[in-house]
Amino acid sequence: MSDAATALRADAMADRLGLDRDRTRAWLFALATQAASWFLSTGDKPTHDAYHHVTSTLLRA
């Protein structure tokens, strides 16, 4: 998924659920960071890298 699509999906989810966009992005960032750490600890580098990319995207968005 592209960087723009990641940010748009986060915003769309927040809007649909009636949540604050910044708080939703912060929650998604925390969740993706946790997932990236988990996959790194299990040795699944490709999945870790994918989650790491999502966290980077959410920080820049």
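## Thr-57 and its surroundings

The side chain of Thr-57 comes to 2.9 Å from the backbone oxygen of His-53. Thr-57 is part of helix α3. This is a predicted model.

Is Thr-57 buried or exposed? Its relative accessible area is 3%. Buried means under 20%, so Thr-57 counts as buried. Leaving aside residues up to four places away in sequence, Thr-57 touches Asp-3 and Thr-6.

## Helix α1 against helix α3

Helix α1 covers residues 3-17, and helix α3 covers residues 45-60. Their axes come within 9 Å. They cross at roughly 70°. Angles of 65 to 115 degrees count as roughly perpendicular, so α1 is roughly perpendicular to α3.

Which residues make the contact? On the α1 side they are Asp-3, Thr-6 and Ala-10. On the α3 side they are His-53, Val-54, Thr-57, Leu-58 and Arg-60.

## Confidence

The mean pLDDT of the protein chain is 93. Of its residues, 98% reach 70 or more.

Which element has the lowest mean pLDDT, and which the highest? Among the elements of the protein chain, α3 is lowest, at 92. Helix α2, residues 21-41, is highest, at 95.

How values were computed:
Residues numbered from 1 in each chain as written. Predicted model: local features only at pLDDT ≥ 70, side-chain atom pairs only at ≥ 80, totals over all residues. Heavy atoms only, no water. Axes fitted to C-alpha atoms, helices over the stretch in contact; angles between N-to-C directions. Helix = DSSP H or I, 4+ residues; strand = E, 2+ residues; numbered from the N terminus. Parallel < 35°, antiparallel > 145°, perpendicular 65-115°, else oblique. Contact = heavy atoms within 4.5 Å. Buried < 20%, exposed > 50% of the residue type's maximum accessible area, 1.4 Å probe, protein only. Polar contact = N/O pair within 3.5 Å; in protein donor to acceptor, adjacent residues only side chain to side chain. pLDDT = per-residue confidence, 0-100.
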